[in-house]
Amino acid sequence: MVSATEARPADFADHTVQTPALEKVAPFVDEKSEKGEVGDVEEELDLYVPLKMYEGLPAEPNPLTIRAVVVGIILGCLVNASNLYLGLKTGFTFGANMFGAIFGYGIIKIMERVCGNLPILGGSFGPQENSIVQAAATGAGGISGIFVAGIPAMYRLGTITLTPQESYGPLITITLVCTFFGLFFVTPLRKFFVIRVGRELRLLFPTPTAVALTIKSMHAGATGAREAMSKLKALGVSFTAALVQRIASYYAVGILYDWHFFTWIHIWSGYTSWAMHVESWGWWFEWTPAFIGSGILIGMNSALSLFGGSVIAWAIIGPVLVATGTCIGKPQWDETTPEWNGYYSYASLSNLGKETPSPRYWLLWPGVMIMVCTSMAELFVQYKVISYAFRSVWRSACVTINDFLVKHGKNSSYFARKAASDIQGTEDMVQDPAKPEDQVRVWMWSSGLIVSIVAGILIFHYQWGMNPGLTILACVLGFMFSFLAIQIGAVTDQTPLTAASKASQLIFGGATSGQGYSITDAQRINLVAGGLASGSADVAMSLTSDFRTGFLLGTPPIRQWQAQAMGSMISVFLAPGLFVLFSTAYPCITESDPKHCAFAVPSVAAWAAVAQAVTDPNVSIPLTSGIFSIVMGVFCICQVVFRHFYLVGEREKYRDWLPNWGAIALSFVLPNPVFTTASMFGALVAFIWRKWKLSSFDLYAYAVAAGLIAGEGLGGVVGAILQIANVSGDVYGTQIACPMEYC
């Protein structure tokens with residue numbers, strides 16, 4: 001999956017992405033300078049200083065061009081639309097940085113060739129302008145995560161009485177606050193994460209670094225241009241193929257998209273029920289280009305962990321829970337359809353507290369516990385570098401305070417001593433290549449931060465019923481979780497939005513308890529607060545990633561900041577509009593308990609379930625689920641400690657054999673194993689491809705995967721338009737080969 005492009009689940013973003021562009025340098029990242037290869041050029045690589053660009057590149061006095069921003073925003077809008085579809089369908093969203101970098105290169109190279117030196121459209125195109133394209137794309141492609149999780153969860157719980165169309169205005173305002181709060185508060189942290197402690201904390205930022213290396217290689221003269229066009233063609237072909245396949249599959253979904261093997265056996269064997277029992281647990285294959293593409297990227301360890309988690313959850317634990325009566329399934333047949341006897345749903349999250357829960361609700365809690373424990377354990381085992389990080393922040397603050405005092409004729413021996421210590425300690429620190437005039441001005445981000453907080457207090461109070469104290473608490477949590485998310489994501493390429501959203505929901509469950517709120521009001525506040533924490537952490541990680549890419553390419557940070565801000569402004573209006581589009585085409589997205597829906601909305605159901613559990617006294621966590629969750633949480637913490645402190649030195653090679661518990665937990669939370677099966681298929685394709693021809697894999701894999709992901713997502717948008725126009729597959733297509741004639 002392509003996120004942060006790491007592919008990230010909307011609220012369970014713990015999915016590792018294998019970045020081909022980094023594979024040649026990854027073994028050397030712990031050393032200051034090692035040999036690596038980019039294209040056919042061998043050079044000294046130090047990934048904590050700006051990359052050495054190839055000779056002959058034209059000067060780029062101002063890479064923030066109109067064409068770069070416009071092209072980036074258009075590409076980001078495609079990814080944003082794609083993310084709404086994929087997020088509602090599967091719970092996953094994907095970053096726009098690599099898609100924007102490659103596609104943007106091809107588009108502007110064509111403009112450069114066709115338009116010559118024409119103003120705006122023409123002129124030379126270099127790597128810094130290329131980084132502006134991906135920054136604008138990242139901004140325009142962002143913030144969709146809250147619309148595939150917290151926002152629709154509010155509709156499902158009945159905390160919003162208006163329809164999505166009627167509440168378009170409030171949806172824009174909450175998006176505005178989440179986006180720009182994250183954008184403004186993380187801006188001054190660029191120097192901290194990218195410059196000051198990057199090497200000490202080993203903050204490699206794998207995907208942003210891969211994007212920078214890809215951009216550099218595409219601008220490496222004639223050889224780089226040929227490779228870039230090859231990548232572009234591969235991306236274009238895979239994008240078009242996925243788009244066409246997804247649109248065509250609406251009219252024959254049981255043939256072109258979902259292969260229900262056990263339904264076929266059920267029909268061919270004269271409607272025997274045993275096959276439908278297997279079908280009920282989600283064991284069918286889906287030709288989903290997005291998740292086949294994601295499997296190409298994530299590598300065998302993560303793919304096997306995902307698939308293994310599905311087997312544990314949906315072939316072992318789930319059936320045992322039903323067999324022992326701990327959980328139940330809901331029959332999907334009735335007296336009018338006796339031929340489908342044996343077909344159940346085991347993924348319902350409705351009527352919580354009123355009936356025996358489904359296996360999915362039971363599995364939700366160990367899944368969330370494993371994710372949170374793993375993320376937090378990964379953070380706390382770095383206690384030494386975290387201590388260094390906070391000491392570095394304090395020393396930097398002392399430098400700022402001392403400079404202010406000196407400027408105004410004052411003196412403080414304490415701050416002067418701390419400032420001097422800080423200066424002496426920076427002898428080996430990476431120097432910031434950006435000139436003072438290329439930095440984001442303090443007044444820009446500070447005034448924006450104040451305005452966004454004040455706007456958040458007013459908006460959340462009058463539109464969402466949160467008092468100012470709770471809004472300030474949500475902002476503080478958003479900042480804290482963003483700081484932790486960047487720290488972990490920069491090392492692991494896994495942004496732990498799970499920890500941010502779920503921890504925020506748990507804290508707000510306690511904050512609203514006993515305060516006189518009705519259950520509905522408490523749930524609305526809980527989901528809004530979780531959305532702010534998760535959304536701002538997502539935006540903060542995206543901007544810091546862009547700063548990392550720009551640092552390596554020498555792009556002025558203020559230009560990247562402006563590009564992402566302009567893209568983000570578009571996404572503030574686009575993401576709510578797309579949500580209205582999908583919820584209009586598929587009303588089941590916001591219904592509390594739809595019988596049939598084209599979207600599984602796994603993130604929505606999980607957010608709603610957590611909100612209910614921490615606010616509704618009638619909803620509880622099953623005792624056996626809670627015990628199992630605690631046991632698994634402790635086990636995962638022990639594995640993190642074992643890997644970090646024991647598997648070191650000569651034993652470090654065995655780390656690859658440990659399971660990825662974040663991926664396993666994700667399988668527990670998803671409503672069925674379909675997507676993990678498709679990812680496993682993609683990983684097998686990648687494994688065979690690499691063994692067959694490594695050079696071809698390195699050149700095309702990322703581009704093909706990005707095209708497959710974006711192509712299916714855009715096909716989903718087209719499908720929503722067809723649905724509204726009443727010319728969709730359920731009107732003119734066929735449901736042949738689907739269970740109960742519905743896929």
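Q: Which residues does serine 568 touch, not counting residues up to four places away in sequence?
A: Serine 568 touches Gly139, Ala140, Thr179 and Phe180, where contact means heavy atoms within 4.5 Å. This is a predicted model, in which local features need pLDDT of at least 70 and side-chain atom pairs count only at pLDDT 80 or more, while totals for chains, interfaces and linings use all residues. Residues are numbered from 1 along each chain as its sequence is written, and side-chain values use heavy atoms, with hydrogens and water left out.

Q: Is serine 568 buried or exposed, and what makes it so?
A: Serine 568 is called buried because its relative accessibility is 3%, and buried means under 20% relative accessible area (exposed is over 50%, partly exposed is in between, with a 1.4 Å probe and protein chains only). Its place is in helix α20, residues 557–585; a helix here is a DSSP run of H or I with at least four residues, a strand is a run of E with at least two, and both are numbered from the N terminus.

Q: What makes isoleucine 73 count as buried, and which residues is it in contact with?
A: Isoleucine 73, in helix α1, has 15% relative accessibility and therefore counts as buried. Leaving aside neighbours within four places in sequence, isoleucine 73 is in contact with Ala136, Ala137, Ala140, Met566, Gly567 and Ile570. The C-alpha atoms of isoleucine 73 and glycine 141 are separated by 7.9 Å, although these residues lie 68 residues apart along the chain.

Q: Why are α5 and α19 called oblique to each other?
A: Helix α5 (residues 168–186) and helix α19 (residues 519–553) pack at an angle of about 45°, with their axes 8 Å apart. Angles under 35 degrees count as roughly parallel, over 145 as roughly antiparallel, 65 to 115 as roughly perpendicular, and the rest as oblique, so α5 and α19 are oblique.

Q: Which residues make the contact of α5 with α19, and how do they divide into nonpolar, polar and charged?
A: Among the contact residues are Ile174, Val177 and Phe181 of α5 and Val528, Leu532 and Val539 of α19. The residues of this contact divide into 12 nonpolar, six polar and no charged.

Q: What makes the pair of glutamate 129 and arginine 67 a salt bridge?
A: The closest N and O atoms of glutamate 129 and arginine 67 are 2.7 Å apart, and a salt bridge is a side-chain nitrogen of Lys or Arg within 4 Å of a carboxyl oxygen of Asp or Glu, so the pair qualifies. Glutamate 129 lies in helix α3 (residues 127–140) and arginine 67 in helix α1 (residues 66–90), 62 residues apart, and the pair thus links distant parts of the chain. Both glutamate 129 and arginine 67 are buried.

Q: How many salt bridges does a search of the whole structure find?
A: The search finds five salt bridges, one of which joins glutamate 355 and lysine 330 at 3.2 Å, N to O. Glutamate 355 is partly exposed because its relative accessible area is 34%, and lysine 330, at 22%, likewise counts as partly exposed.

Q: What are the burial classes of arginine 524 and aspartate 521?
A: These two side chains meet in a salt bridge of 2.6 Å, N to O, and both residues lie in helix α19, three residues apart, about one turn of the helix. Arginine 524, at 14% relative accessibility, therefore counts as buried, whereas aspartate 521, with a relative accessible area of 27%, is partly exposed.

Note on methods. Axes are lines fitted to C-alpha atoms, for helices over the stretch in contact, and angles run from 0 to 180 degrees between N-to-C directions. Ala, Val, Leu, Ile, Met, Phe, Trp, Tyr, Cys and Pro count as nonpolar, Asp, Glu, Lys and Arg as charged, and the others, Gly among them, as polar.
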